[in-house]
Amino acid sequence: MELRQLRYFLVVADELHFGRAAERLHITQPPLTVAVKGLERELGVQLFDRTTRRVTLTAAGQAFKDRIQAAVADLDDAAGDVADVAAGKSGKIRVGFVSSASYTTVPEAIRAFRQQRPRIDLVLHPLTSGEQIEQLLDGNLDLGLIRDPGDVPGLNLELLSTEDLVVVLPETHRLAAATEVRPGDLEGEPMILFPYRLMPGFVARVLRLFESLPTPPVAVQQAIHQETVLGLVAAGLGVSVLPESVQRFQMPGVTTRRFVDRPQTELHVARAFGTSPAVDDFVRCLRGENPD
């Protein structure tokens with residue numbers, strides 16, 4: 001039994017006229033008649049009563065129509081849905097992002113993408129860079145926003161933006177009165193860092209700022225999220241170095257200062273090679289472009 005036969009049968013059952021049904025199907029009448037007779041042979045029942053004057057459904061034909069009509073419509077809908085997913089018009093995208101991206105790039109990109117692709121479900125996962133890389137390579141994420149990744153075999157990396165690094169200080173710190181600071185000003189200071197295994201590229205970039213000092217800052221505490229880092233700094237447990245966008249997060253008891261030489265951090269879009277059109281469209285929104 002072929003789907004084509006079922007569609008032919010439904011059109012004839014709707015029109016109750018082989019000539020009109022053939023016109024609606026844009027075929028000639030003989031192949032339509034052959035297809036319907038073949039379906040009847042396969043089912044072992046007569047679906048239509050035919051006379052020279054009219055065509056009517058038999059009881060078996062009516063029952064068959066009632067059973068298959070919804071099924072054929074569902075198949076047609078499924079075919080359309082699959083085509084829309086392949087074209088990037090519907091479906092789901094799983095997006096990971098570091099917390100700092102939630103202050104800058106992510107909100108505007110989400111708004112733009114939802115306006116352009118309302119039938120695509122964005123599933124958002126706040127994750128560290130290390131967690132995202134692992135999940136991207138395992139196929140559990142479609143796209144990630146990660147900091148200072150370096151080279152990651154198996155992933156397509158695209159630089160999205162750069163921003164300055166800033167020193168995060170308790171507002172009572174001795175450097176809070178300074179306009180700018182040098183790495184040497186933080187010699188021996190207690191510092192709060194992300195765990196290296198979760199943010200390896202970013203932590204390495206921060207530590208390189210102090211590698212020439214006789215006594216580099218001492219990591220006294222680790223925290224996973226920027227908000228937690230800010231809370232620990234406000235509590236006076238140490239200082240930290242974070243992307244400049246952290247200034248958008250207002251935390252009482254905390255202040256930030258620029259470095260004199262303006263060291264920077266990079267935010268990258270990471271995805272597997274050969275991703276879907278929907279992922280490509282979301283990347284365009286992250287760049288500030290129109291996906292259409």
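Modeller: The axes of helix α2 (residues 18-25) and helix α3 (residues 29-43) come within 9 Å and cross at roughly 105 degrees. That makes α2 roughly perpendicular to α3, a label for angles of 65 to 115 degrees. The model is predicted: local features need pLDDT of at least 70, side-chain atom pairs count only at pLDDT 80 or more, and totals for chains, interfaces and linings use all residues. Residues are numbered from 1 along each chain as its sequence is written, and side-chain values use heavy atoms, without hydrogens and water.

Biologist: How are two packed helices described?

Modeller: By the angle between their axes and the distance between the axes. Axes are lines fitted to C-alpha atoms over the stretch in contact, with angles from 0 to 180 degrees between N-to-C directions. Helices are DSSP runs (H or I, at least four residues), numbered from the N terminus.

Biologist: Which residues of α2 and α3 meet?

Modeller: F18, G19, A21, A22 and L25 in α2 meet Q29, L32, T33 and V36 in α3. Contact means heavy atoms within 4.5 Å. By class, this contact has six nonpolar, three polar and no charged residues. Ala, Val, Leu, Ile, Met, Phe, Trp, Tyr, Cys and Pro count as nonpolar; Asp, Glu, Lys and Arg as charged; the others, Gly among them, as polar.

Biologist: At what angle do α1 and α3 cross?

Modeller: Roughly 110 degrees, with the axes coming within 9 Å. α1 and α3 are therefore roughly perpendicular to each other. R4, Q5, L6, Y8, F9 and V12 of α1 touch L32, A35, V36, G38, L39 and E42 of α3. The classes are eight nonpolar, two polar and two charged residues.

Biologist: How many aromatic pairs does the structure hold?

Modeller: Five. Rings of Phe, Tyr and Trp (its six-membered ring) pair if their centres lie within 6.5 Å; planes under 30 degrees apart are stacked, over 60 edge-to-face, the rest tilted. The F9 and F64 ring centres are 5.2 Å apart with planes at 55 degrees, so the pair is tilted. F9 lies in helix α1 (residues 3-15) and F64 in helix α4 (residues 59-86), so the pair ties together parts 55 residues apart in sequence.

Terms used:
Helix = DSSP H or I, 4+ residues; strand = E, 2+ residues; numbered from the N terminus. Parallel < 35°, antiparallel > 145°, perpendicular 65-115°, else oblique.
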